[in-house]
Amino acid sequence: MDKIEILKTRFLRYASVPTQSDPTTPNVPSTEGQRDLANMLASELKEMGLCDVSVDEHAIVYATLKANAQGPVLGFVSHLDTVNVSLSPVVKPQILKYEGGDVLLNKEKNISIKLSEHPELERYQGEEIIFSDGTSVLGADNKAAMANIMSMLEILTTDKSIKHPEIHVAFVPDEEIGLKGSKLMDLSKFKVDFAYTIDSCALGEVVYQTFNAGQGTIKIKGVSAHPMSSKGVLVNPMLVAHDYISMFNRDETPECTAGLDGYWWFTSIKSDPLYCTLNFAIRDHDKKHYEMRKEVIKENLEKLKQMHPRAEISLEFSDTYENIANNVSADDKPIAMIFEALDELKIKPIVYAMRGGTDGSALSARGIVTPNYFTGAHNFHSYAEFLPLSSFEKSLNVTLKLIELSVR
Ligand SMILES: [Zn+2]
């Protein structure tokens, strides 16, 4: 079987379904295109003969491949949505042989990828690469993973001599707008020992450290009064919020931190003369620091209440996802297997701590260790997103190798 052909055909088919998620609606899925793609995947899974294929009301697809060998039950997850970064929701992929220099994506609209801005292109001299037409992202994030997982299943169901454990797959909506799909997964339909997402970029990338993340809302009710008679009476809720924000270290914000530093992030404020709502998020790789940040949020709130005894102040807070590495280390089986796979395939690992979360962060918070490896693509969330076929194939090779290692 020509792996590149299988991957290519599947990728182009999935990319042609517009599945941009919409952050402005509370519905999951946030867009109907995601449901269309979910149904397409479900019928392909049934055709391949998988068991327990279902699509639930949130367009989450589940399916199981029964084991033909002993090993831990493995899960693979990818997301259905592509990100909305004010580009076209319709993706028109094109495969070009890279001959060096800038790449003209769209003659009519005069859109190119400049080599000076994307020197990583140089690595793929003479190779075939999938690009968008410049008006959209490519959506290799995360349809490269989807094609990878579906191709793996096609290979295992066609060549029954390949040994594999029980494998569960899930395709989830709305990852890009807060990991919503993976948080809604019904884990009774996804009973795995551990799982993988394939949601990093370039060849060799491995992520098992993500942020611990939480978000909160502070509601402040002030006291309104006509300004002519407001001395000692009026309590301006917006200024109360301002006092609160001022209690936090301005050096610990997203714009002032990098690497393993955590931060406070005030994300929105909405006020009128009587009511103010302040939204914020906290992020930290280190679980202890994260818990400390939560304490500081509360302590400062108490100080604020003392400063403004006539204001009514309340706080709501929830944890949103957690660091995959909180409960495991690089030596633990799910992660060690990735390194073993890369080693056997002679792919150099590039490990980094992600300043964000993956579906695996949501699943890890729910008890399923779910590290993440590369799709092979570059420039996620950009019109310049591209997927070299050679790296795409290597990403599939990692998936197949993980399965091989699990039954060894
Ligand atoms: Zn993604």
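**Helix H7 and the cores**

Helix H7 covers residues 333-344, and at 1.5 Å a residue its 12 residues should span 16 Å; the end C-alpha atoms are 16 Å apart, so the two values agree. The model is predicted.

Which residues of H7 are buried? They are Pro334, Ile335, Met337, Ile338, Ala341 and Leu342. These residues cover an arc of only 155° around the axis, which means that they lie on the same side of H7. Strand E9 (194-200), strand E10 (205-209), strand E16 (372-374) and helix H9 are among the elements that cover the buried residues of H7. After H7 comes Lys346, with a positive phi near 55°.

H9, one of the elements covering H7, runs over residues 389-406. This helix has 18 residues, and the distance from its first C-alpha to its last is 26 Å, close to the 26 Å expected at 1.5 Å a residue. The buried residues in H9 are Leu389, Ser391, Phe392, Lys394, Ser395, Leu396, Val398, Thr399, Lys401, Ile403 and Ser406.

Leu387 belongs to the largest nonpolar core, which has 90 residues; together with Ala170 and Ala195, Leu387 touches the most other members. Helix H3 (residues 140-158) gives the most to this core, namely 10 residues. A second core is separate and has 15 residues, including Ile220, Tyr244, Tyr263 and Tyr290.

How values were computed
Residues numbered from 1 in each chain as written. Predicted model: local features only at pLDDT ≥ 70, side-chain atom pairs only at ≥ 80, totals over all residues. Helix = DSSP H or I, 4+ residues; strand = E, 2+ residues; numbered from the N terminus. Expected span 1.5 Å × (residues − 1). Buried ≥ 20, exposed ≤ 12 C-beta atoms within 10 Å, placed from the backbone. Core = buried A, V, L, I, M, F, W, Y, C linked by C-beta atoms within 7 Å. Arc of directions from axis to C-beta. Contact = placed C-beta atoms within 7 Å.
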